[in-house]
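I opened this structure to go through its local features and then its overall make-up. My entries follow in the order in which I looked things up.

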Amino acid sequence: MATPAQRLVKPEWIRVRVPGGDHWQATRKVLKEHGIVTVCREAVCPNQAECWQNKTATFMIGGDTCTRGCRFCAVATAKSPAPPDPTEPQRVARAARDLETKFAVVTSVDRDDLDDYGAGHWAATIRALRNEIPGVRIETLVPDFRGNTECLQTVLDARPDVLSHNLETVPRLYPTIRPGATTEWSLRILRYAADNGFVAKTGLMLGLGETNDEVLAFLEEAADTGLQIVTLGQYLQPTRRHAPVKRFVSPDEFLQIGEQVRALGVPVVEAGPLVRSSYHAHKHADALGIQAPPELHNSIG
């Protein structure tokens, strides 16, 4: 654990808005009414104020407790969380409807305790959103399913518009930052999605002790899977129990790294201190001309 003397002072470009405003309150009310868990709140996202004020949120399914203990994440952990709530897919869909959502971003906790790692619950949520909001576009920020592509296929069969899975950090740091995960599982998920015609997306955090050379080498390997969208943002320590920030990357350096990632052949790259994988997600899809499959409108039972 970092001592007060070791913790870095946040630079001026890391500024987080204080939550508030009419739309923020309205978003909070809708989420509370439907009993919705969001990664915005559970993971202490720095963009919560802006997104909620714009009536957008990233829905987190599978409960509020994860079976893994990643050192960067503030979500609660346990080996055997409560079973997924079968009413959650419909509640998420109704909340998205009430927020007038046109681009829904859904993520989940890891559910290593379930036989399908939560894939069936994922599919049910996608179908509920399609039924409730004709024409909605859906980005699914999925876990690694321990590399199980049959489970991933269950999600893909429900036809998300973007299949996102975050690599989070460079391979050297996985044992300390992402214990219980492997780069092989994550790259397999991204490759399988891209090979099956889906838009594949990933994100990394900078400032955990990686070097820029490591970032570019890993993303070059990842680009070979068929990635079309990459996000790069600054890691921020959510609590003193989590991994400390090793350095703050300047906005100019983010821009430079972003250009280098584009040179690897990734069409859409967003890089900046407060960038998160779900932040401006609809703009990433817009840049690729992604539209919800018209044959799915009002057709999923």
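**Helix 6 and its surroundings**

I began at the start of helix 6, where a side-chain oxygen of Asn148 reaches to within 2.9 Å of the backbone nitrogen of Glu150. I note that this is a predicted model, in which local features need pLDDT of at least 70 and side-chain atom pairs count only at pLDDT 80 or more, while totals for chains, interfaces and linings use all residues. Residues are numbered from 1 along each chain as its sequence is written, and side-chain values use heavy atoms, with hydrogens and water left out.

I then looked up the buried residues (under 20% relative accessible area, 1.4 Å probe, protein chains only) of helix 6, residues 149-157, and found Cys151, Leu152, Val155 and Leu156. Seen down the helix axis, these buried residues fall within an arc of 145° (taken from the directions from the axis to the C-beta atoms), so they line one face of helix 6. They pack against helix 5 (119-132), strand 6 (162-164) and helix 8 (183-195). After helix 6 comes Arg159, for which I read a positive phi, near 65°.

**Strand 1**

In strand 1, residues 58-61, I found Thr58 and Met60 pointing one way and Phe59 and Ile61 the other, all of them buried. Strand 1 runs parallel to strand 4 (residues 103-108), to which 4 bridges join it, and I noted Ser108 as the bridge partner of Ile61.

**Whole chain**

Finally, I recorded 11 helices and 9 strands for the protein chain (DSSP runs of H or I with at least four residues, and of E with at least two), and buried residues make up 53% of its 301 residues.

Methods
Buried means under 20% relative accessible area, exposed over 50%, partly exposed in between (1.4 Å probe, protein chains only). Contact means heavy atoms within 4.5 Å. A polar contact is a pair of N or O atoms within 3.5 Å; within protein, one must be able to donate a hydrogen and the other to accept it, and residues adjacent in sequence count only if both atoms are side-chain atoms. Two strands pair if DSSP finds at least two bridges between them.
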